Amino acid sequence: MTSPHPVRPAAPAPRLIATDLDGTLLRDDKSVSERTVAALAAAERAGVEVFFVTGRPARWMDVVSDHVHGHGLAICANGAAVVDLHAGGTFLEVRPLDRSVALEVVRTLREAAPGASFAVELTTGIHYEPEYPPFFLDPGATVATAEKLLFEEEPGAAAPVLKLLAQHSELDPDGFLTVARAAAGDLASFTRSSPTALLEISGLGVSKASTLALCCAERGISADEVVAFGDMPNDIEMLSWAGRSYAMGNAHPDVIAAASGRTVANNDDGVAVVIERILAGTLDD
C-alpha cells in the first residue's frame, strides 16, 4: 500500500559544524560553558569537524583557542581570513579588501551617511579615526582619517585590509546597513554583528559563507553535510548555505527567517543542545 505521506529523504550525516562565537557559542560574559566544551570535544571524537566562523579578528580568538581540536583552523573577520589557532593565529589565507575600493567606500558613505566614522582592520591590527569609538583601546593603533589610514606610498606594499568598519552615532543599525548597501553595495560586501550602528565591510563576495564553502570544498564536504549556527546578520549567508542551520533563541529576526531551524539562546547553551542531539542521532526528534 502506498503511504499517503511522502517520505522525506534522510539528510546526510553531518560532517562539519560551523558556529559563530559572540551571541552564539559564547555566553554573554564571553565564556564557553563546560557543557559546550564537552559537546565540541565529543563532536570531534565522533569525526565531526568543528569550525569557528566569526567576525572577530585573529587576535581576539584566545577565548576559544583552547577548544579547537583536530585541524585547529578558524575563519575570522567575516571570511577575510583563515587562521591556524594551533599556531597562535597564524594567517593561512587572506581575502583582503582592496585599498582603492575601501577609499571609494569611505567617500561614498561620507556622502550617503554624513557623520559616519571609520576604522581599518589590518592583518597587523586596527586603526581608527578620532571620532570612531573603539571597543578596546589598542596602544599600537594609529589615529587618523580613513583616507590617511588607507594610503600606501607603494601600492601592494602595506598590510592587507581585512575589514573596513563604519560607525554612526545617530542612525538605526538596520537602517544604516540599508543605506550603505544601496550606496556602495556594488563595491564591497556590507554586514553587521553589533547591536549598535556599526557596519563591517569586506571585499566584494567575501563572507563567512563563501570562505566556509572554500574550506569545505578542500575537504570534500558538501553544504548538505554542514550544520551552522548564528545570531546576527553577518551569519545569514552562512546559515542559508548550510544544509542545516540554527538561529539562536536570541537571534536577529532576519537570522531566524534565514535559518532552517532554531535552538535555545546562547546563555542556555543552544549550540551544545543541537550537537548533543546530532551525536545521539535524535536531531529530527
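Predicted model: local features only at pLDDT ≥ 70, side-chain atom pairs only at ≥ 80, totals over all residues.
A residue is called buried when its relative accessible area is under 20%. Of the 285 residues of the protein chain, 51% count as buried.

Phe229 and Tyr246 also form an aromatic pair. A search of the whole structure finds 2 such pairs. The ring centres of Phe229 and Tyr246 lie 5.6 Å apart, with the planes at 25°; planes under 30 degrees apart count as stacked, so this pair is stacked. The two residues come from distant parts of the chain. Phe229 sits in strand E11 (residues 226-230), whereas Tyr246 belongs to strand E12 (residues 244-247). They are 17 residues apart.

The protein chain holds 9 helices and 13 strands. Its radius of gyration is 19 Å. A compact globule of 285 residues would have a value near 19 Å, so the chain agrees with that expectation. Along the principal axes, the C-alpha atoms fill a box of roughly 70 × 40 × 35 Å. Among contacts with a separation of 6 or more, 56% involve residues 24 or more positions apart.

Rolling a probe the size of a water molecule over the atoms shows where empty space is left. The count comes to 1 cavity of 30 Å³ or more. The largest cavity has a volume of about 30 Å³. Its lining consists of Glu44, Val50, Phe52, His67, Val68, His69 and Leu73. By class, 4 of the lining residues are nonpolar, 2 are polar and 1 is charged.

How values were computed: Residues numbered from 1 in each chain as written. Heavy atoms only, no water. 1 Å grid on protein atoms, 1.4 Å probe; cavity = no way out; pocket = protein on both sides within 12 Å on 5 of 7 lines; lining within 4 Å. Points joined across faces, edges and corners; volume = space filled by probe spheres on them. Nonpolar A, V, L, I, M, F, W, Y, C, P; charged D, E, K, R; others polar. Phe/Tyr/Trp six-rings, centres within 6.5 Å; stacked < 30°, edge-to-face > 60°. Helix = DSSP H or I, 4+ residues; strand = E, 2+ residues; numbered from the N terminus. Rg over C-alpha atoms; globule rule 2.2 N^0.38 Å. Buried < 20%, exposed > 50% of the residue type's maximum accessible area, 1.4 Å probe, protein only. Contact = heavy atoms within 4.5 Å.
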